[in-house]
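Please keep the structure in view while reading.

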Amino acid sequence: MSDKGTGYAREVVITDDGGLHVRPAAQLAQLVKNLGGNLFIDDVSADSATALMAAGFREGQTVTVSSPNPDKRDAVDAIADRIAGGLANARWE
């Protein structure tokens, strides 16, 4: 975990076999929207499923989940925890 300027960032390893493919990317983007947006995965807007899929995030890749807003610390941690725990079999609210 680290502070990135005035924001907050956390590194996490993608554990899903398919990386951030269609279903996990769509679910993750929706969760980010529900958390108020303004989150990024390796500088890619995490509230865009299309952008996440286009980035080609793969299994075993270390990524940085971040927000320029330090008040988004809990949201960054929530997204990082979901990625680390595997998205394919996660329960989504």
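The points below cover a helix pair, a sheet and the packing between helix and sheet.

This is a predicted model. Helices α1 and α3 pack against each other. Four strands form an open sheet, and α3 also packs on that sheet.

**Helix pair**
- Helix α1 spans residues 22-34, and helix α3 spans residues 73-85.
- Their axes lie 11 Å apart, at an angle of about 160°.
- Angles over 145 degrees count as roughly antiparallel, so α1 and α3 are roughly antiparallel to each other.
- The crossing of α1 past α3 is right-handed.
- From α1, the contact draws on L28, L31 and V32.
- From α3, I79, R82 and I83 take part.
- By class, the residues of this contact are five nonpolar, one charged and no polar.

**Sheet**
- The strand order is β1-β4-β2-β3, and the pairing is antiparallel.
- β1 (8-13) and β3 (44-45) are the edge strands, each pairing on one side only.
- Strand β2 covers residues 40-41, and strand β4 covers residues 62-67.
- Two bridges join β2 to β4, and these strands run antiparallel.
- F40 has S66 in β4 as its bridge partner.

**Helix on sheet**
- α3 touches β1, β2 and β4 where it packs on the sheet.
- The direction of α3 makes about 5° with that of β1.
- Angles under 35 degrees count as roughly parallel.

Technical notes:
Residues numbered from 1 in each chain as written. Predicted model: local features only at pLDDT ≥ 70, side-chain atom pairs only at ≥ 80, totals over all residues. Heavy atoms only, no water. Axes fitted to C-alpha atoms, helices over the stretch in contact; angles between N-to-C directions. Parallel < 35°, antiparallel > 145°, perpendicular 65-115°, else oblique. Left-handed = near helix turned anticlockwise from the far one by under 90°. Contact = heavy atoms within 4.5 Å. Nonpolar A, V, L, I, M, F, W, Y, C, P; charged D, E, K, R; others polar. Pairing = 2+ DSSP bridges.
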